[in-house]
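I opened this entry to keep track of what I looked up, residue by residue and strand by strand. The notes follow the order in which I looked.

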Amino acid sequence: MDKLKKIGLSALAGSLVAVSANAGEMSVSGSFGITYSTQSGDTDGIADAYDVSGANPNQGQGIGSDKDFTVSGSGELDNGWAFSGYTLLKDAMTLSSSAISLTMGSMGTVMVGAGTGGNSTKYDVQTPKAYEEVDDGGALSLSANYVGSWMDGNALVYTSPTVDLMGGMSATVHVEYAAEASDASTNDGGSSSDSTYDGGQSLGVTLAGNGLTIGVYGAERERSAFGQTADYVNDVFAGVYYINYSMGPVSVGYSNSYYDSGLDGTADAATVAKNVGAAEGIFETETYSVAFNVNDNLSLSYAKAEDTYDAQAAGSESATVINDVTMDMKSIQAAYSMGAMSIKAYRTETDNAEYQTNGGSLTVTEVALGIAF
């Protein structure tokens, strides 16, 4: 009897292994990073190097580390459709993002996830770079990075197949829908408790070919009846487009974004710090960049961004006029790769930090060593 049990258990174990192998494959990858960063400036309103207490929050340096750990899997269904999924863990094994995708042959791909950035990451600040986006070392994220950011979790994300067009060009369509565009990620069977917003949707189109890439993306976030208080009367709308062109080792690009929070209240003065999504008015970002691949291992880039806050002051002649404020960023970057190891660096300068005429400036320099496995 014991022999029969052993035979049965062995057969069961073998069948489970066979099912698992047919269902898909799992893999593990990761990376380590070490950074040395310095910063200097006067965004705290202190023009000198030190205040009366002998300290300046803008003066500092440090050595940091980053650890990424990714578990991913993929497989194929009987009808030929492919599926894949991943979970990315950051320092202290905290969840950074996760997603599962289903590619339905010639019908495109559907993705559901959390912290993925959704389709907006394919359009916001998409100009050539050697290392990071221009605002990575900035005093504040550009408003362009908030375009469609509420589709980051709790949404269905669709990518169409790439269709060939005339003249060597191709087109890809991206669509998103969130039942509640609160940017809240929900677990299995859960729901978001944010009652400020209802649904959200976005649409993007990318054209590519002959060294040219053009992307256009728009996203809307609907306010619920609860969210439409005296200061919350309109839906949120944001959009962005970019044009990049590559010729040999040189790439140039331009991006323009628009963000209207839908708030209808008293606009913030030019000397007041502003947060995208919480300030009345409109934010518009223009970004220019050029990148040069010196060889297969070394690349250089320069980028400049101008992010303007337009107060959209009241229309009456007696209304107080509030001047526009432009937060400027400039970043020079370099990257060198040696197989699994890379060395990257940037120096980023910000003026009129936090959209204030008296916001001061900040300069951040970073050198990073990365190893992937």
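I began with Tyr-36, which counts as partly exposed because its relative accessibility is 38%, where buried means under 20% relative accessible area, exposed over 50%, and partly exposed in between, with a 1.4 Å probe and protein chains only. I note that this is a predicted model, in which local features need pLDDT of at least 70 and side-chain atom pairs count only at pLDDT 80 or more, while totals for chains, interfaces and linings use all residues. Residues are numbered from 1 along each chain as its sequence is written, and side-chain values use heavy atoms, with hydrogens and water left out.

I placed Tyr-36 in strand S1, residues 25-41; strands (E, at least two residues) are DSSP runs, numbered from the N terminus. Setting aside neighbours within four places in sequence, I found Tyr-36 in contact with Gln-61, Gly-62, Ile-63, Thr-365, Glu-366 and Val-367, contact meaning heavy atoms within 4.5 Å. Of these, Ile-63 is 27 residues from Tyr-36 along the chain, and their C-alpha atoms are separated by 4.6 Å. With Gln-61, the side chain of Tyr-36 makes a polar contact of 2.5 Å, that is, a pair of N or O atoms within 3.5 Å, where within protein one must be able to donate a hydrogen and the other to accept it, and residues adjacent in sequence count only if both atoms are side-chain atoms.

A polar atom of the Asn-244 side chain lies 2.7 Å from the backbone oxygen of Gln-126, and the contacts of Asn-244 beyond four places in sequence include Gln-126, Thr-127, Pro-128, Val-252 and Tyr-254.

**Nonpolar cores**

I then looked for nonpolar cores, meaning sets of buried Ala, Val, Leu, Ile, Met, Phe, Trp, Tyr and Cys residues joined through side-chain atoms within 4.5 Å. The largest has 32 residues, and those with the most contacts inside it include Val-134, Trp-150 and Tyr-217. Strands S10 (212-223), S11 (236-247), S14 (298-310) and S15 (325-338) are the elements that give two or more residues to this core, and S11 gives the largest share, four residues. A second, separate core of five residues includes Tyr-131, Tyr-346, Leu-362 and Val-364.

**Strand pairing**

Two strands pair if DSSP finds at least two bridges between them. I found S14 and S15 antiparallel and joined by twelve bridges, with Ser-331 in S15 as the bridge partner of Ala-303. S15 also runs antiparallel to strand S16 (residues 341-351), through eleven bridges, and Ser-342 in S16 is the bridge partner of Ser-337. The hairpin of S15 and S16 has two residues between the strands, and Gly-339 there takes a positive phi near 70°.

**Aromatic pairs**

How many aromatic pairs does a search of the whole structure find? I noted ten, rings of Phe, Tyr and Trp (its six-membered ring) being paired if their centres lie within 6.5 Å, with planes under 30 degrees apart counted as stacked, over 60 as edge-to-face and the rest as tilted. The pair of Phe-32 and Phe-373 is stacked, because the ring centres are 5.6 Å apart and the planes are at 25°. This pair links distant parts of the chain, 341 residues apart, with Phe-32 in strand S1 and Phe-373 in the segment after strand S17 (361-372). Phe-32 is partly exposed at 47% relative accessibility, whereas Phe-373 is exposed at 54%.
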